[in-house]
Every structure is written in structure tokens, then in C-alpha cells.
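Here's a quick briefing to read with the model open.

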Amino acid sequence: MYFTNYTENKILNTLLGVAFAGVSGCFLELLTSQPSDDGSGAVPVTYTGYERVQIKFSNPAAMSGNIGFQNSEEVVFAQADADAGTANWVAVYDSKTGGNMLFYAPLQTPKVIKTGTAPVVRVGEAKFWITGNFSSAFKTSILNVFKGTTLAGFTPYVTLFNGSPEDGGSELTGGNFARQQITFSTPAQTSTGQAQISNTAAVKYPVATVNLGAYTHDAIYDAATAGNLIAFVSGGADTYSAGDMTQYTIGSISLSAN
């Protein structure tokens with residue numbers, strides 16, 4: 001799936017404390033070509049009686065090595081009164097007409113729309129999943145927005161792990177070490193089509209008073225202690241010894257959504 005600029009900004013703004021309100025209803029559009037990330041260029045199928053149809057999603061779960069969901073009910077469009085070409089893409093909107101395009105994806109099997117046929121998306125045929133370094137829990141929360149659950153805004157904190165935070169890794173503790181708050185910039189579009197945020201101030205851990213041991217991953221949480229894992233990345237193995245003080249310079253922590 002490809003998030004539109006609208007959705008990318010909504011996701012990243014949660015790290016600036018701004019909630020992403022749950023979508024009260026999602027509507028599927030059949031497209032004859034790929035739209036742009038700003039929602040422009042979307043060319044819907046056209047014939048008398050055609051309109052977007054509401055789509056309902058399954059609970060987020062493991063899919064294609066990531067976290068995704070699929071349509072939990074058939075999506076049946078009006079019967080075509082004329083040949084209407086081929087639908088190669090689908091887009092999901094937050095309104096039956098107008099509104100905001102939320103995300104889009106190619107159809108694995110294009111739908112050729114002939115006179116007298118009613119296009120149908122079978123249960124499980126529309127699959128969407130999120131890739132990237134967001135945690136499984138955060139990906140799940142994002143997808144649940146499209147099922148009506150608001151994703152609350154929060155204050156992000158960075159920390160260090162020895163091993164993957166999602167695969168049995170352990171967070172560094174003791175010796176004056178503590179998670180550090182991050183202040184992010186507002187989302188901006190990059191040349192590669194992603195929305196991105198980065199830290200606007202240097203982030204410094206306190207000087208370690210004991211040997212903290214090895215660490216391999218940087219992780220972002222939504223709380224100073226405990227809380228929920230938001231994102232993580234392997235930063236290469238290193239050791240945090242007594243007297244060390246690790247810091248991130250301005251702009252060196254970045255997150256993107258696409």
C-alpha cells in the first residue's frame with residue numbers, strides 16, 4: 001500500500017502530540033491508473049451508476065512479513081451499462097464523495113469492466129500492509145485508524161537496546177542511563193515522495209557511571225518508561241562504557257512514512 005501525503009502527515013504528526021482521528025467510514029474507488037501521493041491524477045472508472053462503495057477491514061495481523069489487513073466483506077459495485085475499461089488500481093477514501101484519499105495500491109489482477117457486469121472485490125482480495133521500521137504495534141494502531149479507532153498523539157523518547165526490541169532484545173538500564181525526549185520537526189515531503197520528520201535539537205544521554213554493555217539498536221517509545229514501542233533500527237554493535245555519553249546531533253534522528 002502507498003499512503004498519500006495526507007495520511008503520511010497524519011501518522012507522523014502523532015509524534016508531535018497530534019491525534020490521528022479514527023476514520024468513521026472507508027470507501028473504495030476503482031482507478032484506471034496510478035494516482036499521485038497528493039491524491040491527484042486519480043482517474044476512476046466511469047459508467048452510469050458507478051460510485052465508491054464502503055469497504056470494511058479485518059483486524060490487523062501478520063501479512064507478507066509485515067502487518068496488514070484485508071477486506072472482510074465483499075465490495076460490490078453497480079452493474080456497468082457500458083464497457084468501462086480496466087481498473088488497475090484501487091484507492092481508499094474517507095468519504096463516499098470528495099473527501100481525502102487515504103492510501104492506494106495496485107490490483108494484482110486487473111478488472112476488465114464489460115457491459116452488464118458488476119465489478120466485485122471478493123473477501124480478502126483487497127490486501128494492504130505497512131512496511132518499514134515502525135513497530136508491529138504501531139503499524140497495528142495505524143491500520144486501526146481506518147477501522148475507526150483514534151491514534152492518540154504522544155511525546156516520543158529514544159533509547160538503546162542490545163538486540164531487537166521486537167525479538168527479545170534488552171534495553172540498557174542503570175548507571176545513570178535513561179530514555180531521552182525527542183522534539184521533531186513538522187512533516188515535510190522529500191524528493192523520494194515520503195513525508196519525513198527529524199529531531200530539531202540535539203539529544204544527549206547522561207554520562208554513564210557504570211559499564212552498560214553492548215547495544216545494537218536505537219528505539220523510539222511513546223513514554224519515558226514502559227510504554228509502547230513506536231519504531232526501531234539497527235545501528236550497528238557498540239559498547240556503552242562508564243564515562244561514555246552518546247548524543248544525536250540535530251537532524252540525525254529521522255522517521256518517514258510512505
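Why is strand β11 largely enclosed by the rest of the structure? Five of the six residues in β11 (residues 157-162) are buried, so the strand ends up largely enclosed. Buried here means under 20% relative accessible area, with exposed over 50% and partly exposed in between (1.4 Å probe, protein chains only). Keep in mind that this is a predicted model, where local features need pLDDT of at least 70, side-chain atom pairs count only at pLDDT 80 or more, and totals for chains, interfaces and linings use all residues. Residues are numbered from 1 along each chain as its sequence is written, and side-chain values use heavy atoms, with hydrogens and water left out.

**β11 and its partners**

- Strands are DSSP runs (E, at least two residues) numbered from the N terminus, and two of them pair if DSSP finds at least two bridges between them.
- β11 runs antiparallel to β17, and five bridges join them; Y157 has Y221 as its bridge partner in β17.
- Strand β13 (residues 180-181) also pairs with β11 in the antiparallel sense, over two bridges, with Q180 sitting opposite V158.
- Another antiparallel pairing, again over two bridges, links β11 to strand β12 (residues 170-171); there, N162 faces S170.

**D218, on β17**

- D218 belongs to strand β17, and its side chain makes a polar contact of 2.6 Å with the side chain of Y248.
- A polar contact is a pair of N or O atoms within 3.5 Å; within protein, one must be able to donate a hydrogen and the other to accept it, and residues adjacent in sequence count only if both atoms are side-chain atoms.
- Not counting residues up to four places away in sequence, D218 touches T159, L160, A231, F232, V233, G235 and Y248, where contact means heavy atoms within 4.5 Å.
- E171 is 47 residues away from D218 along the chain, yet their C-alpha atoms are separated by 9.7 Å.

**K111, on β8**

- K111 sits in strand β8 and is buried, with a relative accessible area of 15%.
- The K111 side chain reaches the backbone oxygen of V120 at 2.9 Å.
- Leaving aside neighbours within four places in sequence, the contacts of K111 are G85, T86, A87, V120, V121 and E125.

**β2, covered on both faces**

- In a regular strand, side chains alternate between the two faces of the sheet.
- Six of the six residues of strand β2 (residues 26-31) are buried: C26, L28 and L30 on one side, and F27, E29 and L31 on the other.
- β2 pairs in the antiparallel sense with strand β3 (residues 53-55) over three bridges, and F27 lies opposite Q54.
- With strand β7 (residues 85-93), β2 makes five bridges, also antiparallel; the partner of L30 there is V90.

**The largest pocket**

- The largest pocket holds about 910 Å³ of space.
- A pocket is an open set of points on a 1 Å grid over the protein atoms alone, where a 1.4 Å probe fits, with protein on both sides within 12 Å along at least five of seven lines; lining residues have an atom within 4 Å of a point.
- Grid points are joined across faces, edges and corners, and the volume is the space filled by probe spheres set on the points.
- Its lining counts 39 residues, with W129, I130, T131, G132 and N258 nearest the centre.
- β8 gives the largest share of that lining, five residues, while strands supplying at least two include β1 (2-3), β17 (213-221) and β18 (229-240).

Notes: Helices (H or I, at least four residues) and strands (E, at least two) are DSSP runs, numbered from the N terminus.
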